[in-house]
Amino acid sequence: MKNVLRLFLILPVCLPVLLNAQRSTFADRFILGAHYGYSEDFVSERDILFEREHYTGLKAGISLTPFLYAGIQTRFINARNYETNYDQYYMAGVWARGYLIHPHPKEDRLLNRVGAFVEGGFTMGNYAYETMPNSVNRYFKRDGNWYIPLQLGIEYRVWNGLTLEGGMNLIYNNGGSWDQQGIAYLSLGANWHL
């Protein structure tokens, strides 16, 4: 928790430096995005001891510089295991995305159709699980859980302003070990850059 607090103390100092280093005005662009992800795990046979999760992520944000965006996000999760039916959970919070290559360069809209990004954030929600002795997760609601999501992905511009996105999502939560508390899933989505 100390490292998270240090990050929030360092960010206000670094932000003006990042803003002055770029040649663009604050809030020059707006982004709306959505993605869908799926994760499944099973022991021995797929339909006997299993767990399944569906993730729907929504986000909105503004540009801080030409290659850095920040905003708000939410994820809705439907999860079940072999003993339970699907139940709904959520997580919501803030995010920041840095583009290594931007799919919408201001200088030339005909080239650079592919982009690459790294995204991180901080969310809170009611999604919780524990690993049972048979290695299958049991999902339950518990308010106040915190999460640190990280996404690595690529975007492809299909139309002026519209991109398709593929990403690897890694979510660390509650300060436990990655094996006991980590979440990982692949996602497909779309973004609208205004």
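## Arg97 and Glu165

Arg97 and Glu165 are both buried, where buried means under 20% relative accessible area, exposed over 50% and partly exposed in between (1.4 Å probe, protein chains only). Their side chains form a salt bridge with an N to O distance of 3.0 Å; the term stands for a side-chain nitrogen of Lys or Arg within 4 Å of a carboxyl oxygen of Asp or Glu. Arg97 is in strand E4 (residues 87–101) and Glu165 in strand E7 (residues 162–173), so this pair links distant parts of the chain, 68 residues apart. Strands (E, at least two residues) are DSSP runs, numbered from the N terminus.

Salt bridges with shared partners join Arg97 and Glu165 with Lys59, Glu119 and Glu155 in one network.

## Basis of the model

The model is predicted, with local features requiring pLDDT of at least 70 and side-chain atom pairs counted only at pLDDT 80 or more, while totals for chains, interfaces and linings use all residues. Residues are numbered from 1 along each chain as its sequence is written, and side-chain values use heavy atoms, leaving out hydrogens and water.

## Lys59 and Glu119

Lys59 and Glu119 form a salt bridge at 2.6 Å, N to O. Because Lys59 belongs to strand E2 and Glu119 to strand E5 (residues 114–131), the pair ties together parts 60 residues apart in sequence. Both Lys59 and Glu119 are buried.

## Glu40 and Arg52

Across the whole structure, eight salt bridges are found. One of them pairs Glu40 with Arg52, with the closest N and O atoms 3.2 Å apart. Glu40 lies in strand E1 (residues 30–43) and Arg52 in strand E2 (residues 49–65), so the pair ties together parts twelve residues apart in sequence. Glu40 counts as partly exposed at 25% relative accessibility, whereas Arg52, at 15%, counts as buried.

Definitions and conventions. Helix = DSSP H or I, 4+ residues; strand = E, 2+ residues; numbered from the N terminus.
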